[in-house]
Amino acid sequence: MIKQEKILITGANGQLGSVLAKRLQEKHGVNNVVATDIVADEDFVGNFEILDVLDFERLKSIVIQNEITQIYHLAAILSASGEKHPKRTWDINTKTFFNVLDVSVIQNVNKLFFPSSIAVYGANAPKINTPQSYELTPTTVYGISKVAGENWAKYYFDNYDLDIRSVRYPGVIGHQTLPGGGTTDYAVDIFYKAINETNFECFLSKNTTLPMIYMDDAIRATIELMDAPKKSISIRTSYNIAGMSFSPEELTYAIQKIYPNFKTLYKPDFRQKIASCWPSSIDDSVAKKDWNWNPLFGIDEMTKIMIEELKLKQQTKLQKT
Ligand code: AKB
């Protein structure tokens with residue numbers, strides 16, 4: 001008989017975590033998923049525990065009490081926020097990961113998911129179709145912590161046989177929860193403006209092309225990687241995955257197909273320097289070969305869904321008030 005998986009998610013209130021928690025509940029059953037974050041989410045339906053992942057003993061007791069077999073460790077500080085508090089970001093991103101790695105070894109957790117990012121690349125990497133394997137020279141603390149995390153993931157796999165799997169997420173675009181503190185956040189914020197206003201002020205320049213992915217593709221990639229047979233996983237640091245690539249100007253054109261009067265004003269700030277060092281597009285051929293990764297959403301489908309879903313959410317909220 002196949003043993004029932006028991007899932008723990010850290011950072012479950014976040015942009016990815018909140019959607020992943022629901023998908024994992026659908027897949028494994030509501031009672032088999034424990035969502036955690038540093039503050040409670042009033043609207044969460046299911047098992048929720050307050051957890052600061054820096055607190056190893058509390059993490060361990062949640063793992064023991066719930067007989068956890070898989071952990072998705074999403075708690076982290078992102079690129080733009082990270083630059084405001086570099087040492088704190090390093091501490092939080094790396095210490096929480098060590099706690100998760102260690103508890104997984106001690107408590108025999110079967111599988112662990114660690115999110116990495118396109119932020120691992122630096123300005124020297126080829127911008128177009130950035131290869132899976134290239135010298136990683138990140139410019140942000142977030143990127144540095146992700147490179148370290150990727151290498152520690154491989155170390156724990158090699159030395160403790162911990163089945164840890166990872167993808168390098170592009171900017172994730174979804175309508176469910178706002179992202180916080182990232183350099184790619186403009187690509188979500190713009191839709192909140194588009195449904196109500198005609199002008200959006202963008203903190204990146206108009207031709208800054210970055211890799212992006214629609215939420216459904218990001219979640220599917222995560223789950224497909226975790227479900228893939230162990231023998232097919234050739235990358236134990238982190239897999240490149242691509243969805244789409246566009247600049248703020250191209251995203252504005254896509255929105256103008258629905259709202260012709262919509263305009264973007266460009267006022268690049270400190271985040272421009274971060275984005276300028278990142279890839280414009282990503283080579284994800286190794287993920288495609290190893291576990292059949294295949295993105296389904298392009299810029300126009302994503303734009304249409306974002307606008308429809310955000311309008312619906314706004315109407316539902318208005319009806320409730
Ligand atoms: C960020 O902008 O920091 C994140 C990322 C690309 O990892 N969205």
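Predicted model: local features only at pLDDT ≥ 70, side-chain atom pairs only at ≥ 80, totals over all residues.
The ligand sits in the largest pocket of the model. The residues around the ligand are Leu 78, Ser 79, Ser 117, Ile 118, Tyr 142, Gly 182, Thr 183, Thr 184 and Trp 278. Among these, Ser 79 has a side-chain N or O atom placed 2.5 Å from an oxygen atom of the ligand. A distance of 2.7 Å separates a polar side-chain atom of Ser 117 from an oxygen atom of the ligand, and the side chain of Tyr 142 likewise has an N or O atom 2.7 Å from a ligand oxygen. Taken on its own, the ligand has 250 Å² of accessible area, and the protein covers 93% of that area.

The cysteines were examined next. A disulfide is a covalent bond between the sulfur atoms of two cysteines. With a cut-off of 2.5 Å between the two sulfur atoms, the count of disulfides in the model comes to zero. Cys 202 takes part in no disulfide, and the nearest cysteine sulfur to its own, that of Cys 277, is 17 Å away. Seen from the other residue, the closest cysteine sulfur to that of Cys 277 is in Cys 202, and because the separation is 17 Å, the two are too far from each other for a bond.

Asn 129, which lies in the loop between strand 5 (111-117) and helix 5 (141-160), has a phi near 55°, a positive value in a residue other than glycine. The relative accessible area of Asn 129 is 46%, so this residue is classed as partly exposed. Asn 292 is located in the loop that runs between helix 10 (285-291) and helix 11 (299-320), and its phi, near 60°, is again a positive value in a residue other than glycine. Asn 292 is classed as exposed because its relative accessible area is 60%, a value over the 50% cut-off for that class.

Val 103 belongs to helix 4, which comprises residues 86-106, and is buried, with a relative accessible area of 0%. The C-alpha atom of Val 103 is separated by 21 Å from that of Ile 77, and the two residues are 26 residues apart along the chain. Phe 114, in strand 5, is also buried, with a relative accessible area of 4%. Between Phe 114 and Lys 231 there are 19 Å in space, C-alpha to C-alpha, and the pair is 117 residues apart in sequence. Asn 151 has its place in helix 5 and is partly exposed, with a relative accessible area of 46%. From Asn 151 to Leu 310 the C-alpha distance is 38 Å, for a pair 159 residues apart in sequence.

Technical notes. Residues numbered from 1 in each chain as written. Heavy atoms only, no water. Helix = DSSP H or I, 4+ residues; strand = E, 2+ residues; numbered from the N terminus. Buried < 20%, exposed > 50% of the residue type's maximum accessible area, 1.4 Å probe, protein only. Near = heavy atom within 4 Å. Polar contact = N/O pair within 3.5 Å; in protein donor to acceptor, adjacent residues only side chain to side chain. Areas by Shrake-Rupley, 256 points an atom, 1.4 Å probe, with all protein chains shown as cover. 1 Å grid on protein atoms, 1.4 Å probe; cavity = no way out; pocket = protein on both sides within 12 Å on 5 of 7 lines; lining within 4 Å. Sits in = over half its atoms within 2 Å of the grid points.
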